[in-house]
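Q: I would like a close look at the aromatic side chains of this protein and at the elements around them. Please give one connected account.

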Amino acid sequence: MDTFKIHLTKFIDISEEEYNSVLSFFQVLEVKKKQDLMLDGEVCKSMYFVLKGCLRKFFTNEKGVEQTTEFAIENWWITDTFAYERQMKSDFCIQAVERSTILMIDFQTQEDLLKKHPVMERYFRMIYQRAYAASERRIRYLYEMSREELYVHFSTQYPEFIQRIPQYLIASFLGFTPEYLSEIRAKLRS
């Protein structure tokens with residue numbers, strides 16, 4: 001759990017005693033590769049923080065193809081924010097890409113956490129601001145960059161993803177077919 005404490009201290013000042021109290025609001029889960037944490041049509045009850053491993057959020061499009069919209073590796077959060085904040089059914093799935101260790105908190109428990117530890121309001125505000133800024137950047141890149149530029153940018157910014165995540169999931173995230181991503185990679189190698 002030291003991973004979570006180190007992460008928190010990048011954003012807020014927290015004593016050991018307060019940290020132990022904060023941690024008591026979370027459940028620790030060990031999840032297997034390809035284990036589903038949330039399915040399309042389920043109420044989004046939880047947020048997940050990755051201590052070790054990798055999760056992804058995706059939906060299945062009208063052609064039956066899975067479209068990955070987000071990844072979360074160590075020290076990243078993942079949920080369907082819209083559905084979570086409203087406690088409504090999600091049209092996304094969340095799944096483990098690798099065997100993972102995660103912290104989970106449900107909506108009501110998070111509300112209780114925020115009441116008991118107001119400093120966590122600041123923490124979550126900062127996390128949401130960063131996530132929103134990253135989403136804005138991604139949208140801009142999707143509009144501005146060619147597909148090849150998008151892959152080069154992604155592989156340069158997040159080399160750990162290229163090493164860890166299967167190519168078909170990277171293709172899904174970038175909006176490519178796996179075959180098209182193979183073509184881009186072959187072109188870049190030559």
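Which residues do ring pairs link into a cluster?

A: In this predicted model, ring pairs join Phe-4, Phe-11, Tyr-19, Phe-26, Phe-49, Trp-77, Tyr-123 and Phe-124 into a cluster. The structure as a whole contains 20 aromatic pairs. A pair of this kind is described by the distance of the ring centres and the angle of the planes.

Phe-11 belongs to the loop between helix H1 (2–9) and helix H2 (16–23), whereas Tyr-123 belongs to helix H5 (residues 119–144), so the pair ties together parts that are 112 residues apart in sequence. Phe-11 has a relative accessible area of 9% and is therefore buried, the limit being under 20%. Tyr-123 is also buried, at 0% relative accessibility.

A further aromatic pair is formed by Trp-76 and Phe-161, with 5.6 Å from centre to centre and 50 degrees between the planes, a tilted arrangement. This pair, too, links distant parts of the chain: Trp-76 lies in the loop between strand S5 (66–72) and strand S6 (77–78), and Phe-161 lies in helix H7 (residues 159–164), 85 residues apart. As to accessibility, Trp-76 is partly exposed, with a relative accessible area of 32%, while Phe-161 is buried at 2%.

The charged end of Arg-56 sits over the ring of Phe-58, 3.8 Å from the ring centre. Likewise, the charged end of Arg-86 sits over the ring of Phe-82, at 3.7 Å from its centre.

Four strands make up an open sheet in the order S2-S7-S4-S5, with antiparallel pairing. Strand S2 (36–38) and S5 are the edge strands, each pairing on one side only. From one strand to the next, the twist averages 30 degrees.

Terms used: Residues are numbered from 1 along each chain as its sequence is written. This is a predicted model: local features need pLDDT of at least 70, side-chain atom pairs count only at pLDDT 80 or more; totals for chains, interfaces and linings use all residues. Side-chain values use heavy atoms; hydrogens and water are left out. Rings of Phe, Tyr and Trp (its six-membered ring) pair if their centres lie within 6.5 Å; planes under 30 degrees apart count as stacked, over 60 as edge-to-face and the rest as tilted. Helices (H or I, at least four residues) and strands (E, at least two) are DSSP runs, numbered from the N terminus. Buried means under 20% relative accessible area, exposed over 50%, partly exposed in between (1.4 Å probe, protein chains only). A charge sits over a ring if NZ of Lys or CZ of Arg is within 6 Å of the ring centre and within 35 degrees of the ring normal. Two strands pair if DSSP finds at least two bridges between them. Axes are lines fitted to C-alpha atoms, for helices over the stretch in contact, and angles run from 0 to 180 degrees between N-to-C directions.
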